[in-house]
Amino acid sequence: MNNFLEFIKKDIEAKRTLVSTLPTKTKTAAKKKNQTIASIEGKYLQYKSGLVNYLLAKSRSFELKEVDNSEEVSKLNEKIVSLEHVKFLLNPSNTYLEKMGFDVLLYQINHYSTFNFNSLNDIINGFLDKFELANILLTADDFHYTCYVHEYMSTFLEARRKKTRSYDKVSEIFEQIYWINPEIIEHIELNFRKLIKLNEKKFTSYIYQLQKEVMEQNKVANYNACLEKLQSLYVELNLAKKETVPFILSLARNGEIDVEQLQVDNKARINAYQTLVPQGVNQEDPLEMEKVCTTLEKLKLNIEEYDQYIQFLPLFKHFKEEYEKLVPGEGKESEYKGLKEIEAKIEAKENELDKINKKIFSGKPGFFEFKTENDLKHLKAESVLKAKELYELYKTYDQEYFKDKVLAILNNTLTIADLLHLYYSFDYFKKLAIQEVYQVSDYSEISKYSESFDLFAMNPTNLIVNGLPVFEETDIPKIIVNKYSLNNIRLDESTLEPSNLQSLLNKILLVLRVEKIKRSTTSVEKIWFMVQVDKIMAQDQEAKK
Amino acid sequence: MRKEEEKIDFDLSLLQLNELIEAYRDINDFLNFLEEEKQEIEDEEMV
């Protein structure tokens, strides 16, 4: 068997020559050639089958006994999700509005033009569901922002109450109203905003109860204790998420990594070791290499964090442009009254609107009943006009609301970590900023940015952003290079350019993977062999089809 | 193959295992060659 390859090569060569030279000019000669081919083919199919069985048995004997850590990772993830919910509810930076998730719905209804009609129904149902969570059952009487809102919502609530939840009638009514009052959805939004404000106490108390429940369930005494617990869970998760050999093998098997790169003489591997393993380190010494790997694990986390920072750098720059001029100086600042002023304006205008609506709904414009149908028409038009003005006022209100939150924390030492927390706490404004900065109008795309931002903001193991000032320029690549030169890892600043980060991460991962395999019960060669056998088996299965 | 197989030492070195993979590929190529030859004969008979 030791010479099986040699035997096969020679035998194949001889038989190729034989087959190629056999004549086929006559029927008898062709028949004879066919018989010869069939005989050789039969023999070689037997060789192939025996070889496949052998290779498979051998590959199976190399299978790893080490257990994958995916179960541990998923358990830690579950705990983190649960504690993130507690953190979300206890977050001292925002209010019941954000904790109830109304800001998410307000953003959606505010951008209804991006969605289709069915999703508008979902948004309205989303609002109603949240009210019901706090035991507030809204009826048609609660929707009197304008007579059109009342008409639409009466039909909507009727459809919602029915088991079939068919919204066909709602669509019909919408169609009718839309041509008289195209801003109907904006006015539904305003009605919900008013109802949310009106029920503030009930929502606050609901949130308070919820906070008590989740704190008890998760054995957390307060917000800070929750943060501490999360911090240690994230550290544990980072450790558990370190790639195991079975995981590396699965990556190689799925073709997610190039198994050739693991080989000792591979150029990519040689280059990765030259870049990342300090000179003078004995690469055959497991203890020395373990120290290098510990440092590389940290570098990997730093690079991943820096990569996320770069992704959201336009957002941070945007914030800087908007708010740097408002950073309080040393002199006495005049008190900010913007939010209160706009709240007062809204209240006054909503009272005016209320008066008009009362006349419309009671059918009495003053002391006398409507004289003509025209009086009613006029009042309806006036109410729509007032609602339009209110919609504009609410736009200013939103700006002032966020400005108020910003001013509460704004100072010249504000860090990127503070900013991450600010946007994480106010989903509505985070999405608005994403929309503006990245010029996206598709809701699913905005949500993707938003989710990715939250993952970055929520990670308590972030290091770089904690001390990074928003209003000062900082050379992060230089900081990273200097830090790792203390560990004798000489990185070139150009490797930390945004377009080179993935390549650097790949190099780090390659060294970590090779070293992980070297310290295990298997070897790079066995992994290579198993992957090749997998490919052969797949090819064999494909041929049998 | 039976006789050849019997000679296989299950503890072959990895280098030898790699040779087996190469042998598999050679056999596969050769089987494809035989298929093509058969096809040629069939095509000629049709003519």
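In this predicted model, helix α14(A) passes helix α22(A) in a left-handed crossing, a term used when the near helix is turned anticlockwise from the far one by less than a right angle, clockwise being right-handed. Helices here are DSSP runs of H or I with at least four residues, strands are runs of E with at least two, and both are numbered from the N terminus. The model is a predicted one, in which local features need pLDDT of at least 70 and side-chain atom pairs count only at pLDDT 80 or more, while totals for chains, interfaces and linings use all residues. Residues are numbered from 1 along each chain as its sequence is written, and chains are lettered from A and ligands numbered from 1 in the order in which they are written.

Two packed helices are described by the angle between their axes and the distance between the axes. For α14 (residues 286-311) and α22 of chain A, the axes come within 10 Å and cross at roughly 150°. Axes are lines fitted to C-alpha atoms, for helices over the stretch in contact, with angles running from 0 to 180 degrees between N-to-C directions. On the α14(A) side, M289(A), C293(A), L296(A), E297(A), L299(A), K300(A), I303(A) and D307(A) take part, and they meet L501(A), L504(A), L505(A), I508(A), V511(A), L512(A) and E515(A) of α22(A). Contact means that the C-beta atoms of two residues, placed from the backbone, lie within 7 Å.

Helix α22 (residues 501-518) of chain A also packs with α13 (residues 267-276) of chain A, at an angle of about 100° and with the axes 9 Å apart. These two helices, α13(A) and α22(A), are therefore roughly perpendicular to each other. Here K507(A), I508(A), L510(A), V511(A) and V514(A) of α22(A) meet A268(A), R269(A), A272(A), Y273(A), T275(A) and L276(A) of α13(A).

From α2(A), V52(A), L55(A), L56(A) and S59(A) meet F529(A), M530(A), V533(A), I536(A), M537(A) and D540(A) in α23(A). Helix α23 of chain A also holds A538(A), which is exposed, with 10 other C-beta atoms within 10 Å.

Chain A is divided into domain 1 (4-61) and domain 2 (318-462), with bounds that come from an automatic or database domain assignment. The centres of the two domains, taken over C-alpha atoms, are separated by 79 Å. The largest nonpolar core has 103 residues, and those with the most contacts inside it are V149(A), Y152(A), I188(A), L419(A), Y423(A) and I527(A). Each of domain 1 and domain 2 of chain A supplies at least three residues to this core. Such a core is a set of buried Ala, Val, Leu, Ile, Met, Phe, Trp, Tyr and Cys residues joined through C-beta atoms within 7 Å. Leaving aside neighbours within four places in sequence, I188(A) is in contact with I124(A), V149(A), Y152(A) and M153(A).

Most residues other than glycine have a negative phi. N135(A), although not a glycine, has a positive phi of about 60°; this residue lies in the loop between α6 (117-133) and α7 (147-161) of chain A and is exposed. R165(A), likewise not a glycine, has a positive phi of about 50° and is found in the loop between α7 and α8 (168-178) of chain A.

Chain B comes to two helices and zero strands. Of its 47 residues, 15% count as buried. In all, 26 residues of chain B are in contact with 30 residues of chain A. Helix α2(B) gives the most to the side of chain B that touches chain A, with 20 residues.

Notes. A residue is buried if 20 or more other C-beta atoms lie within 10 Å of its own, exposed if 12 or fewer, and partly exposed in between; C-beta atoms are placed from the backbone. Angles under 35 degrees count as roughly parallel, over 145 as roughly antiparallel, 65 to 115 as roughly perpendicular and the rest as oblique.
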